[in-house]
Amino acid sequence: MSLPLILINLKTYKEGMGPRAHAIATAAQQVAQESGATIGVAPNYIDLHPLSKHFMIPVYAQHVDGSAPGAHTGQVTAEAIRMAGATGSLINHSERRLTLADIETSVRALQAQKLVSVICSNNEITSAAAAALAPDYVAIEPPELIGSGVSVSKANPEIIRRSVAAVHDVSPNVKVLTGAGIQSGECVRIAVDLGTDGVLLASSVVKADDPKAVLRDLVSKI
Ligand code: G3P
């Protein structure tokens with residue numbers, strides 16, 4: 001069985017861009033190498049290409065537009081993120097919601113480029129709907145806990161359990177992540193024990209004085 005994915009969304013935190021994005025990716029790669037865990041980062045678009053080229057860890061976009069290449073000013077296509085070296089992309093993050101039709105178009109665009117798709121969802125019903133679109137991952141994140149410092153693993157383990165069941169009822173092949181307030185190895189352990197394939201997190205690593213120490217703790221119980 002493969003180890004869980006720990007995916008760090010750098011969002012647009014000032015502590016997660018430019019040199020600091022590079023420092024977090026350096027720490028993630030080092031902790032991944034010493035632990036054997038899979039640790040990925042999702043930087044903003046400006047940092048996507050340099051991080052993808054410089055590091056061996058998976059690098060994800062935070063959003064992708066489903067448009068084909070052509071006359072679409074201001075959009076970022078799946079082809080562009082593949083050419084930048086990305087592994088895949090988040091879709092429909094709580095801070096970047098899309099319509100259902102847009103989500104499907106984005107998943108298909110990523111699949112056409114052989115990139116990994118991670119659809120974010122907010123509860124078990126939307127998780128089931130997301131699973132019906134056949135992405136690689138559905139990432140369940142209760143919005144009220146995002147950035148709160150309160151871990152979904154501890155505050156609402158039932159939503160994780162129900163979402164894993166809802167996704168696997170639709171398709172056992174779709175993997176599940178959970179996120180919101182994840183901050184320790186214990187949070188990761190609980191999430192995995194509830195049936196997920198990993199976690200999606202941000203502030204506990206990005207805003208930490210010592211991201212490497214937090215990353216070491218995150219992988220300590222897997
Ligand atoms: O994408 C991850 C995110 O929404 C969770 O944020 O800060 O609660 O780990 P945070």
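The model is predicted, with local features needing pLDDT of at least 70 and side-chain atom pairs counting only at pLDDT 80 or more, while totals for chains, interfaces and linings use all residues. Residues are numbered from 1 along each chain as its sequence is written, and side-chain values use heavy atoms, with hydrogens and water left out.

**Exercise 1.** Describe the largest pocket by its volume and its lining.

*Solution.* Start from the definition: on a 1 Å grid over the protein atoms alone, a pocket is an open set of points with protein on both sides within 12 Å along at least five of seven lines, and lining residues have an atom within 4 Å of a point. The volume of the largest pocket is about 240 Å³. Next, list its lining: Asn9, Lys11, Thr12, Pro43, Asn44, Tyr45, Gln62, His63, Leu90, His93, Glu95 and Arg96. Sorted by class, three of these residues are nonpolar, six polar and three charged.

**Exercise 2.** Find which residues lie nearest the centre of the largest cavity.

*Solution.* A cavity is a set of grid points where a 1.4 Å probe fits but cannot get out. The structure holds one cavity of 30 Å³ or more, and the largest cavity contains about 120 Å³ of space. Of its 14 lining residues, Ala180, Gly181, Leu201, Ala202 and Ser203 lie nearest the centre.

**Exercise 3.** Locate the charge that sits over the ring of Tyr137.

*Solution.* The criterion requires NZ of Lys or CZ of Arg within 6 Å of the ring centre and within 35 degrees of the ring normal. The charged end of Lys175 sits over the Tyr137 ring, 5.0 Å from its centre.

Terms used:
Grid points are joined across faces, edges and corners, and a volume is the space filled by probe spheres set on the points. Ala, Val, Leu, Ile, Met, Phe, Trp, Tyr, Cys and Pro count as nonpolar, Asp, Glu, Lys and Arg as charged, and the others, Gly among them, as polar.
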